[in-house]
Amino acid sequence: MGSSSKRKKEKQKDFQKPKLKVGKARAKPENFTDTSFKSKSIVLNQQSLHLNAPSANSVFTHNLSLLSSKSDSQRRDSLAYLTSSIASRPVNSSLPQPVSVMLPSLLPLILDGNTNVRTQLLKLLRTLPRHDIEDHVAQLLPYIRAGMTHLAADIRVSAVEILSWMVEAAGEQVVSCAGGWIKTLNCFLSVLGWHTEESSKWSSNRASFGKSGSQGRPMVKVLGALAEFLDAGIGQHDAGDDETLEDDGSSSKWPFPLSCTGQHMISDSSAPYAYLNLFGQPRDAEGEMYETREDRFRVFSNRFMPAIERGVKSAREEGGEMGRASSGVSKVLKEAILYGPGA
Amino acid sequence: MVKRKLGALEKVEADLPNLQHKIRRDPKSYIEDFRAQLYQYESHREIFMAAPSAATDTGIISLRELIDFISHVADAYPEILKDFPQQLIDMLMQHHLVLEPELREKLVGSLVMLKKKDLLDSATHYSGCRLLQTLFPILITTPSKTLRALLFQKILSELRTANTKTKNHKLNRTMQTVLFNLVSSDRTSSKALWAIKLVRELWKRQIWTDAKTVEIMKEASLSENEKVIIGGVRFFLGGDKEREEAEDESSDDDVDVGRIRHQLGINKKTKKKARVAEKAISIHKKKEKKKNQPHPLNFSALHLLHDPQGFADALFTRHLQTSKAKLNLENKLIVLQLVSRLVGLHRLHIMSLYSYFQKFLTPRQPSVTSFLASLAQATHDLVPPDVLEPLVQKIANEFVSEASAGEVATAGLNAIREICVRQPLAMNETLLQDLVMYKKSKDKGVMMASKGLLSLYRDVGASMLKKRDRGKEASMGLRSGDKLAKRFGEQESGGIEGLELLEKWKEEERRKKRREMGLPSDGEDDEEEDEENNWAAWNVEDDEDSDDSGDWVNVQSDVEIDLSDSEDEGKAPPNKKNKQDEETKKDAAADALSEFSKLATTKILTPADLAKLAELRAEAAVGAALPGSKSRHAQAAARHNDDPLTAEEIEGLARLSAAKQTREERIAHAREGKTERSEHKSKEAKRKERKEEQGKSSTNKEKARRKNFLMTIGKARSKNKRSLVETRAVLKAHHDRQKRGGKRALTQRGIIDLVISSRLRVNAFQIFKEGPILSTSYRPLCPSNYPLPSLLLPCFLSPTFQSTLAPLPLSTSYVMPSLVAQPTMSTSNDALSKRRRYQPAISSFFQSQQPESHIVDGTPVSHNHYAAATFSATPVVSEGVQSSLLSVGMRVRKSVADGYKTQRSLKQEKSIPPPLVAKTPTAERLAGMYSNDELTPFSGISKYDQSFGSRSGHIVNDEGDDYSLPPSSQESVASTNSFNYDMNNSQKRTFVSDEFAAWEDRSNIASRDAPTGRHILAPGMGQQRRRMLALRRPSQPNMDIDDFEEATFLRPLEEVDADYARMDWA
């Protein structure tokens, strides 16, 4: 208790109005901290002074760097900018940045939490030239698989969408790259819940953990993507390969003494020596490359055929949209089985 | 990398902990979800493995979280996760350098967790081993400090848990091999420090205590890296002490179970508290159990060495002797300390060691005392004296001289003594006699050190001393031939420690028994019988032994105690003295020796004997430790051989060289042995502190002292302005008060305390028994507003007092009314307190002049009630007398400085000794009352009084007198009926109250003890009544009615007794 007059005065001081005097600086508050400093020179680290507007290229790079921004809208807007700038570039001109530079910052966005960002990402991917994608499938696939098994259903759906785009764009590479066949199929089964007999029954609790997607018909989309994927992997192709082989054998591309030279040349497919796995981790059965249809079909019939047939059957029994979508898968399956292990 | 902030929705969607929780509860149902997460993990791992260093943020779920999740639920799906541990191990082993710290820690943690779940097993290794094999290489190689700390902690805890229940020998062996290889493979690298750190920690915790551990440290000490060397050497020097301390520490934090139980009984009972108590009790029990367990045999690291000679040699040649060694002085000293300890302990021979010392033995050498200590430590009785002699000579030359400083000489002498304790032959005669001369030194330290040397040689080589220095014992010993100096290499014959004690004890027992049997105690016993007894006592019986087998050991104060250390302790020189003492006392040394050997060789010691032996030994040890026991040297020798000799011991008494000390040092020295005490303070200050500590409030005095000045200034000023008269009045009042003993001197409580607490209780009672004069004489001591009787009340009620009352019937009449008086006082206080503030006019005491004014339709409380009871009894006093009384009263009132507070004070001043009224038998008194009734004008109070009086059978007393006005003027009949509130007629009273009734009851009870006949001392009794009584009782001829009677206490005792007797008779 402030009993003395001194303390009372002290207390009162707090409530007294400071007197301002003309011609004198205002009294500094008690807790004033002197932040001034002396320095011989002041160096500003990053100075960006430009006389002219930034070039389109630099803006593109800048937006690319903004993809790792914390704010959702910022990421989305940057993606939108990139999309438009790629789409609007003159025909046959090269990309402002090569795909290999762009991908590392694009890939994590497959798992982005924001739906808008992911849809925008898909738009951007669609604008990329196909042949560029073919080379980077191996990079893309792990992210897509991670997305397909993500806890959040929305991310799963958009990952499936991206996958179907990729199959469309570079189907051969998708199914033949390292881990592309078995692992991806595993993911499909996991998304559909077809791994075990119990879980594939219609009566089982299909609602898997995590929030179900806001967009409707996720399973239908997945089934569609599965059909495409299977078609790319083990479907009966228009025997383009055979044709080319035959062509190679008989073609006059090479002068006479040379025959079947094309087979001895370096393959013109992307990453022709990837199967050697010279620099990567040793691969297990799942991560192995299955480059030919026969390999894929063998693996498929050994491992996945029963589960997928069972799943398709139950999906058909379910009827409705699911049933219709499953018919696409069964059709692909039938054709593949008819075709057999291939030639 | 900053974590991305997650939106609430995202969190819900990616809720791994939630899934983990659900999987824990029902693994089967969630297998699909788990598989999905496993694929997720696989994909993330793939992404990560593609570029481990470029740790990209992969959305809302990171690899770390997935690893955490999977390892938590791993035990639910062991089949699916067969490869998982290996993946983690690979990730950690291959990329620990580039991993981000959080992920790295998660990996380590997950591995430990998997180990706990026993999922780390593989075909070749079991879990613990595999974990250690993963973590240890990383510990050694990683540059990250935090990771190292984490790994070290994990490895240590892994080793500890593996060894908790039983020793995991397999794991220990593997780990020790790894560590050994680490230490011995690359001698220059400092990686071996990790091995040292680990071993030391495990040694301290007594997890590793075997020779292999010591071997690792031995290798470390012989390495080429300085840090590693010192780490290893320090382990040998301090590891065991550390271990002991750790053990003590763990036993220190004991819980007081009794206290906890007590608190549990007192404090609020909550579940938490109960749990805490339970835990404490269980800890306590565990500790008790541990205490009872046999102590594990722990050899010190020095004893576990395989080849001490080789080790000491290697240490000396590698680190000390060669000029290549890069050790600095401090480290060199540490190594030297180890070498010398090894030499002393194991009696090794490193001849070059002694010549190595030669060059360091000068006072100018830094930390020379450590060198001296090491030298002394390296000496043992098998060192050739001619190696040591030059060293001793050099120390004497360099250190001990008149010219050198006191400390230096002290250190030199102490070092010489320490050397000679171990090898007495290192000294030659002339040098010794020279050094002994320093006992006359003025420097205390030097003097003490020299005396130490002297007393040492009195024991071990008295013949080398001058005759006058030998002392009585030694010269007697020399003459008898006991005190021959030992020759080089002579070994004392070994024996069983304490055997002679056992022998002695047995002899005593035998004598006792013989005495009991009535035989001469010295006679020969029947051997066979004795033997039989011995065999009967083969087993140590519990009941026989139970009282001695506890922790308590009998310590006899004046028993000669001698310790004889066994041979293998290697304390030859001091022991010899003890033994010789013993022998001289028995004055038949040879006899003793033969006896000594006989017991052990002729008889088989039974377990009972051995138990007794141990007991006797313990007893002897305690006795030796007592101050004043003669075997001081035994104490000195009690220092265990394992204990190192330190530089402090060499410096020893140097600090006694007082002149060199500063004042602070001296104070510190004086304080050294004493317990901590607080600073000096006055009693008052201490009391104040204590009070503040206990949170007690301040006194009025303190408050007054602290009072704001402005609040007191008014009073101070007014004090200044007082007139002389006022000042005088105040001073006088103060003086009076002081005389009384202050304001609170004899308050109610004060007196009660005084009376009750003191042994004078009965005396106090006597005081009041003696009558009014005494009570009035005590009056001034009492504050005026406290009625004396009420002060006495509690003491009268106390049982002891009542017992004293019982034989004193006479006194009860004083007591009982006093009991009654109390409540009436109090009622008057609250009901009519307003009135009481005013002093009644003195004339109002003369009630007779207006008696009718008080008769108000029988209600006791009248507006002028304070005089109510007196009116009827007021004597008709002549006007002359009245006026004179009045004038006296006025005079008195005037003379009292601060005026009257109550009528009592007035009475006090002028009271005339009240007359004695004769005792009245009940019937008579009743009659008297009725007759009073006739005379008394009607009043409620008087009516009540009568009825009450008749019931209680009391009449009057002296207390009434204390409060009443002078008897001549104000006594009333009612008052004679004995109730105080009538007697206090000047004060207004309310009528009856419940309390009153209660008091009445109590007085009734008390009165029952009293004899029926009453002796009434009624000083306040009115004349009228007296007259009436006289009328009623003509048998009392000496009753003088009209005069003031003489006070009872002034009457001779015989008369009172006579009265008393008469009453009885009536």
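Two residues are taken to be in contact if their C-beta atoms, placed from the backbone, lie within 7 Å. With that in hand, the tour can start.

This is a predicted model, in which local features need pLDDT of at least 70 and side-chain atom pairs count only at pLDDT 80 or more, while totals for chains, interfaces and linings use all residues. Residues are numbered from 1 along each chain as its sequence is written, and chains are lettered from A and ligands numbered from 1 in the order in which they are written.

**Chain A as a whole**

Select chain A, where there are 15 helices and zero strands; helices (H or I, at least four residues) and strands (E, at least two) are DSSP runs, numbered from the N terminus. Of the contacts in chain A between residues at least 6 apart in sequence, 75% join residues at least 24 apart. Buried residues make up 33% of its 343 residues, where a residue is buried if 20 or more other C-beta atoms lie within 10 Å of its own, exposed if 12 or fewer, and partly exposed in between, with C-beta atoms placed from the backbone.

**Two helices in chain A**

Next, select residues 137-148 of chain A, which form helix H7, together with residues 182-192 of chain A, which form helix H9; the two pack at an angle of about 15°, with their axes 9 Å apart. That angle makes H7(A) roughly parallel to H9(A), a term for angles under 35 degrees, whereas those over 145 count as roughly antiparallel, 65 to 115 as roughly perpendicular and the rest as oblique. The axes are lines fitted to C-alpha atoms, for helices over the stretch in contact, and angles run from 0 to 180 degrees between N-to-C directions.

To see where they touch, show Leu141(A), Arg145(A) and Met148(A) on H7(A), and then Lys183(A), Thr184(A), Cys187(A) and Val191(A) on H9(A), which make the contact. By class, this contact of H7(A) with H9(A) has four nonpolar, one polar and two charged residues, counting Ala, Val, Leu, Ile, Met, Phe, Trp, Tyr, Cys and Pro as nonpolar, Asp, Glu, Lys and Arg as charged, and the others, Gly among them, as polar.

**Chain B and its helix H4**

Move to chain B, whose secondary structure comes to 54 helices and zero strands, and where 35% of the 1066 residues count as buried. In chain B too, among contacts between residues at least 6 apart in sequence, 75% join residues at least 24 apart.

Select residues 63-72 of chain B for helix H4 and residues 101-116 of chain B for helix H6; their axes come within 10 Å and cross at roughly 5°. This makes H4(B) roughly parallel to H6(B). On the H4(B) side the meeting residues are Leu63(B), Arg64(B), Ile67(B), Asp68(B) and Ser71(B), and on the H6(B) side they are Glu102(B), Leu103(B), Lys106(B), Leu107(B), Ser110(B), Met113(B) and Leu114(B). The residues of this contact of H4(B) with H6(B) divide into six nonpolar, two polar and four charged.

Staying on H4(B), colour Leu63(B), Leu66(B), Ile67(B), Phe69(B), Ile70(B) and Ser71(B), which are buried. The buried residues of H4(B) pack against helix H2 (16-25), helix H3 (31-50), helix H5 (84-95) and H6 of chain B. Glu65(B), also found in helix H4 of chain B, is partly exposed, with 17 other C-beta atoms within 10 Å.

**Two loop residues**

Go on to Asp118(B), in the loop between H6 and helix H7 (127-141) of chain B, where phi is near 60°, a positive value in a residue other than glycine. Asp118(B) counts as exposed because it has 12 C-beta neighbours inside 10 Å. Then select Arg347(B), in the loop between helix H16 (329-346) and helix H17 (351-358) of chain B, which has phi near 55°, again positive in a residue other than glycine.

Now select Arg617(B), placed in helix H29 (residues 607-625) of chain B, and Gly498(B), 119 residues apart from Arg617(B) along the chain; their C-alpha atoms are separated by 5.7 Å. Leaving aside neighbours within four places in sequence, Arg617(B) is in contact with Glu497(B), Gly498(B) and Leu501(B).

**The last stop**

Finish at the largest nonpolar core, which has 201 residues, those with the most contacts inside it being Ala195(B), Val199(B), Val339(B) and Ile416(B). Such a core is a set of buried Ala, Val, Leu, Ile, Met, Phe, Trp, Tyr and Cys residues joined through C-beta atoms within 7 Å.
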